[in-house]
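Subject: Structure handover

Hello,

Here is the structure I promised to pass on. Please open it first, then read my notes below.

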Amino acid sequence: MPIRPILTFPNSLLRKRAKPVKNIDNEIMNLIRDMKETLTEASGIGLAANQVGVLKRVVVISNSPESDAVAYINPEITHRTGKRDVVEGCLSFPGYSGIVTRSVSVSARYLDESGGKIKIAADELLAQALEHEIDHLNGILFLDHLKEHEKLSMTTPEYRPHTHDINVSVNVQNNQGEPEFNKKLYTKIGIDDLKLALDRAEIIKDAE
Ligand code: NI
């Protein structure tokens, strides 16, 4: 199964902590291959294994159109420098974006696909993507970093959902009329933002 469905918020797996990879076996290599294909299909910059329902510490990042996606196994940020505000989105919140504070540059270490121990220094989009994707492995979402959490907004008016984004409308319907969210899974900010996002999704749906 090369392309794997991307889970959308508020799927509970997005709030779980992924487990370290002990052996880079066929299962992990298949996961990496599928995640790369899924990332390409979604025209995304990064994808964490949680987002395809696998709680393993694996992310793939494609931070420039010219280069192939790279897999980062058991990635860790070892140092962060500076702060900057950036516009950010996430494949698990298709169509939405907001302003978050990220580091200017980061140092990270990870295993590559052959098990080699790699250390890198990254800035710009790669630094942002590493912070975003490693957050995913810890159950943290970009919502949690929104600078003004009331300002989650549609990425572009002309946004066209991908096929997997069908979950958005399903989530909208499932959450209507539910007075309480599971507080074990969602932060207060996450809940508030979700409500707002759903409200706006309704408005957008009405406008179409
Ligand atoms: Ni994401």
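A term to start with: a nonpolar core is a set of buried Ala, Val, Leu, Ile, Met, Phe, Trp, Tyr and Cys residues joined through C-beta atoms within 7 Å. A residue is buried if 20 or more other C-beta atoms lie within 10 Å of its own, exposed if 12 or fewer, and partly exposed in between, with the C-beta atoms placed from the backbone.

Two notes on the source. Residues are numbered from 1 along each chain as its sequence is written. This is a predicted model, where local features need pLDDT of at least 70, side-chain atom pairs count only at pLDDT 80 or more, and totals for chains, interfaces and linings use all residues.

Confidence

pLDDT is the predictor's confidence in each residue, from 0 to 100. The protein has a mean pLDDT of 77, and 70% of its residues reach 70 or more. Treat two stretches with care. Residues 156–188 stay under 50 in pLDDT, and the model has 29 contacts for them beyond four places in sequence. Two residues are in contact if their C-beta atoms, placed from the backbone, lie within 7 Å. Residues 202–208 are also below 50, with two contacts in the model beyond near neighbours in sequence.

Overall layout

Helices (H or I, at least four residues) and strands (E, at least two) are DSSP runs, numbered from the N terminus. The protein has four helices and eight strands. From the N terminus the order is α-β-β-β-β-β-β-β-α-β-α-α. Of the 208 residues, 33% count as buried. Among contacts with a separation of 6 or more, 70% join residues 24 or more positions apart.

The core

Which residues touch the most other members of the largest nonpolar core? They are Met35, Val58, Val59, Val60 and Ile61, in a core of 39 residues. Elements giving two or more residues to this core are H1, E1, E2, E3, strand E5 (96–102), E6 and helix H2 (124–137). H2 gives the largest share, six residues. In soluble globular proteins, nonpolar side chains tend to be buried together. Look at Met35: leaving out residues up to four places away in sequence, Met35 touches Leu47, Ala49, Val52, Val58 and Val60.

The sheet

Two strands pair if DSSP finds at least two bridges between them. Five strands make an open sheet, ordered E1-E2-E3-E6-E7, with antiparallel pairing. Strand E1 (46–48) and strand E7 (117–123) are at the edges with a single partner strand each, so one side of each has no neighbour in the sheet. From one strand to the next, the twist averages 40°. Helix H1 (residues 26–41) packs on the sheet and touches E1, strand E2 (58–61) and strand E3 (70–81); the direction of H1 makes about 35° with that of E2. For such angles, axes are lines fitted to C-alpha atoms, for helices over the stretch in contact, and angles run from 0 to 180 degrees between N-to-C directions.

Now follow E6. Six bridges pair E6 with E3 in the antiparallel sense. Seven bridges join E6 (residues 105–111) to E7, also antiparallel. Ser105 in E6 is the bridge partner of Thr81, and Asp123 in E7 is the bridge partner of Ser105. Arg109 stands opposite Lys119 in E7. In a regular strand the side chains alternate between the two faces of the sheet.

Helix H2

H2 is mostly covered, with eleven of its 14 residues buried. Among them are Leu126, Leu130 and Ile134. Just after H2, Gly139 has a positive phi of about 75°.

Most residues other than glycine have a negative phi, and most peptide bonds are trans. Ser43 is not a glycine, yet its phi is positive, about 55°. Ser43 sits in the loop between H1 and E1 and is exposed, with 10 other C-beta atoms within 10 Å. Glu124, in helix H2, also is not a glycine and has a positive phi of about 50°. Glu124 is partly exposed, with 13 other C-beta atoms within 10 Å.

Best wishes
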